[in-house]
Amino acid sequence: MNQLGFPLLSLLIGTPLVGAVLIGLTASNARSLQRTIAWIVSIANAALAIYAVTAMQPLGGYQFIESVDWLADIGLKYAVGMDGINVWMVLLATLLTPLALFAARNEQTHQKSFHALILVLSASLIGAFLATDLLLFYVFFEMTLVPTALLIATQGSGDAKAAAIKFFVYPFVGSVFMLASIAGLVVSHFQQTGLMTFDSVIISGAVLNGTLVMDPNLERALFAGFFLAFAIKTPIWPFHTWMPQAQAATPNNGSVDIAGILLKIGAYGMLRFALPFFPHAALWAAPAIGILAVISILYSAVIAFGQHDMKVLLSYATISHLGFVMLGIFSQTIEGVTGALITMINSGLTTGALFLIVGILAAQRGSRNRDDFSGVWLTAPTFGTLTLITVFASIGVPGLNGFIGEFLSMQGAWLAPQLGYAYVTFAVIGIVLSAAYLLRMYRGVYMGAAPEANAIHEPNRSELAVISLLVIAMIVIGLYPSIITSVSNASVSELVRSLTASSH
Amino acid sequence: MAQIALPGIDYMVILQIIIVFGSATVLLLIDLLIPANQKRITALLALVATIAALIAGPYSHAGITMANTVAFGSSTLIVNSIILFATAISILFASDAMHKQGIERGETYILMLLATGGMLLLAQGSSLITLFLGLELLSIALYVLTAIAYPRLASEEAGLKYLIIGAFGAGFLVFGIALTFGATGTLVLSEIAARIPTTGIERGMFFTGIGLMLVGFGYKVSLVPFHMWTPDVYQGAPTPVTSFMSVGSKVAGFIAIIALVQMLGPEAQVISPVLMGLAVLTMLVGSIVAINQTSLKRMLAYSSISHAGFVLLGVLGSTQASGLRAPIFYLAAYTLTNLAAFGVIMTLEGSNERDLTLADLRGLWSRNPWLTAIMALALLSLAGVPPTVGFLGKFLVISAVWQSGYAWLAVVAAFASAFAAFFYIRALLSMFSGTSEAPRATANARSTLALLIVAVGIIAVGLMPWSISALALAGN
């Protein structure tokens, strides 16, 4: 048992699962009951996550650890732990779950399956963030695919089934190679130390103190398996093609997309597992991965510029943000990793808010094509202001959260010997381009003359309140980023220290 | 005249086999008294016999008897349990599905018991003759079962095809046994192991014999390139029979292959390149060709071929410390999962004789949510998605081959599993999209019970693998 005296982390994983089972047991027409269960469960879980942030000691290493043997004779454990890095990912996941429910508040079809699947998705994401046992992580990592694919298939429009198949199969292909790599890593560790374990702390510790030494070719091959899985999941160019297609097929209200942007486990896994296990290979591959990251930033910005479907535009914006995350992670510096962490949080907050905004617009107009809108500001000024702040946050205007994350990521890339200023020079162009496509969308939709009939009216109070809360979070992080870094610093610097110690 | 000395028999070693064959024989008589429309009584009696044999497992004695031809040990216990479990579930399914289709006969259950006896004999066989006897008993019963939907043409055709191919495979096996006997002068596995020729023509004869036996068993478990019969027979046979043979004969056939590999000991490396080649071909051909199938039963036939390749990987890995755990766990996982998938297909078929296609799964969620959930679990487990039992099986197999030093095979397995994911997920998502006008499928109490048992098993064993892996480990 951990220092709290109660299994906080298992509660975080288990609460949504119990909620999903309860919803599964309700009659399919008991709509308000399903809704109530989902809301109670997701808010309770968010409260647990906030409690975790406050109860966390600003130290390196895992806290609130729980560990139970799962399949003892091969060293498999149910082991979860929380530190200054994953606490933020868990908080984001628990906060965005109610947001996804909120976005779908007016949907009537497939309500039961929607609520249950969102909760299952939430539980598997939280599990993936918290798992310290490698195979347990893989279990949760794969489990996220099933509810999301089902959400796309049941809720989606257009060719939702094809999109869902692609959504499932593409990341699955990546992760089976990771499974082979996990087997290779665990077997190598077993052969050299005589200990059969999947414990990520023990394995990365063995890499750090030299009890596990891999042949460079083997290390690179194993790293490639992890990299493929995480690069597809993140996604970065050229492994991104499943994502815009999936987001084009999801419902207009943005609920599934909000759930989808929770899928930061690719970048998280890269940081938490791929780097500490294979520091030499990561350093060796960093320049090439940096180039992929920069291409991701530029390519998706250019594609986003030409998009008329606002949801697809936002999905390219996400890919662009994740390019910065990758750049920060592979800089392997404290600045870069902190920047990557903050950018992951930002991408969740701002893109989540933007999906909600597009959902509100689409609900009033029945279209999410930006050409179908103009002059929204004239009839809905408050909504327009909130949208403008969110857009600025997404672009990276100083004073808002986006700036801090992107700046730190680029600073880290500049400082890193394996990357350098050339990467930053090109990445900066990406910021300019993101200003171009987001402001162009904003100008087209919110500026100009309002149409004579069917003008967009202000959203109702609850909608404005939810967006305002997100905007407040953006401003707070922008002005006072140490709210995150004070908790994450110890963990990030410990991680970076171990990376530099074992790779040199 | 010299006296013929009969070898002593320890009946407690062959307790399960005695129960199964004995009750099959008695049932054959009792069945004559049961009226044609009451054949579910025969099913019930066969089920009782199977469960009795299952319970008798832990009471059997470990040891070897009948002039060293039949053995029983802790790994036999788990394999026998898997086989008997599969039989029990298959009887439950068959008594519902065969009745609905109007092809229920008392013989069905008796033949299933006889086939089960053959499987147990294969699993317990410790001499080449017992292995051959087991395989033939199992096969002959299955030939009849495949053709039991008389006068349905597809079923007759499948039965004939299976018989001809099976006889062909048996020929290889007998010739292999003859060569091995010629080279070593004995049929008992443990004695062969001690007498493997090290040089000369005998060594060539010996390994030719082993190779031919592999071909013989390869037909039975449908390794590529001996798999051609599988899709046709799986499609043509009545679905309860397909379900039964897809698990039972595969488990039993693989246990025989494992026995051969274990017998070779360190000499197994002579045939390991052959095994690797077979495993790679089987995994890839099975999972790639399945993509192109629209018939559900054909798709599952190719899927079962692909899974045979994975089991063979586990067999390759079993030469190392991890032992028999990986292949036996994989077989158990496969049994649970395949029974669930075929169980759902049988329920969907109902009284319909038509071969179901992918299109029939469309919109299943809107009319049969529970069946959909079970099928979804089965498909996820076949694809190896956690937290199902199929995932752990796949992982154990991959780490076993990696541990044996065949890292590249783990990569090939990853490729095969990536190809396979496509058709499993396509089938899975079909059930959740669109709506269908077809009537709700209904299952009676017997097949509902069977479906529930296997569905719970897929999740429970996936989450609590120690429940069966401890037993498999004990077989080291």
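Contact here means heavy atoms within 4.5 Å. The legends below describe a predicted model.

**View 1. The interface between chain B and chain A.** In this predicted model, 36 residues of chain A are in contact with 37 residues of chain B. About 3,200 Å² is buried between chain B and chain A, and carbon and sulfur atoms give 83% of that area. B:Phe395, B:Trp402 and B:Leu429 supply 20% of the area that chain B buries against chain A, more than any other three residues. Two residue pairs are in polar contact across the interface, both at pLDDT 80 or more.

**View 2. Helices of chain B that face chain A.** Two or more residues each are given to the side of chain B that touches chain A by α15 (369–383), α16 (389–403), α17 (407–432), α18 (445–463) and α19 (466–474) of chain B. With 14 residues, α17(B) gives the most to that side.

**View 3. A nonpolar surface patch on chain A.** The patch covers about 680 Å² and is made by A:Leu469, A:Ile472, A:Ile475, A:Val476, A:Leu479, A:Tyr480 and A:Ile483. Helix α20 (residues 461–479) of chain A provides the largest share of the patch, five residues. A:Leu469 is found in helix α20 of chain A. A:Leu469 counts as exposed because its relative accessibility is 60%, and the cut-off for exposed is over 50%.

View 4. A:Ser200 is found in helix α8 (residues 200–208) of chain A. With a relative accessible area of 4%, A:Ser200 is buried, since buried means under 20%. Leaving aside residues up to four places away in sequence, A:Ser200 touches A:Thr132, A:Phe273 and A:Phe277. A polar atom of the A:Ser200 side chain lies 2.7 Å from the backbone oxygen of A:Thr132.

**View 5. The surroundings of B:Phe342.** B:Phe342 has its place in helix α13 (residues 325–349) of chain B. The relative accessible area of B:Phe342 is 0%, so the residue is buried. Not counting residues up to four places away in sequence, B:Phe342 touches B:Tyr234, B:Thr239, B:Thr242, B:Ser243, B:Ser246, B:Lys297 and B:Leu300. B:Val241 and B:Phe342 are 101 residues apart in sequence, and their C-alpha atoms are 9.9 Å apart in space.

Methods. Residues numbered from 1 in each chain as written. Chains lettered and ligands numbered in written order. Predicted model: local features only at pLDDT ≥ 70, side-chain atom pairs only at ≥ 80, totals over all residues. Heavy atoms only, no water. Patch = residues over 30% accessible without salt bridge, like charges linked within 9 Å, V, L, I, M, F, W, Y side chains within 5 Å. Areas by Shrake-Rupley, 256 points an atom, 1.4 Å probe, with all protein chains shown as cover. Salt bridge = Lys/Arg side-chain N within 4 Å of Asp/Glu carboxyl O. Helix = DSSP H or I, 4+ residues; strand = E, 2+ residues; numbered from the N terminus. Buried < 20%, exposed > 50% of the residue type's maximum accessible area, 1.4 Å probe, protein only. Buried area = accessible area lost by both parts, 1.4 Å probe. Polar contact = N/O pair within 3.5 Å; in protein donor to acceptor, adjacent residues only side chain to side chain.
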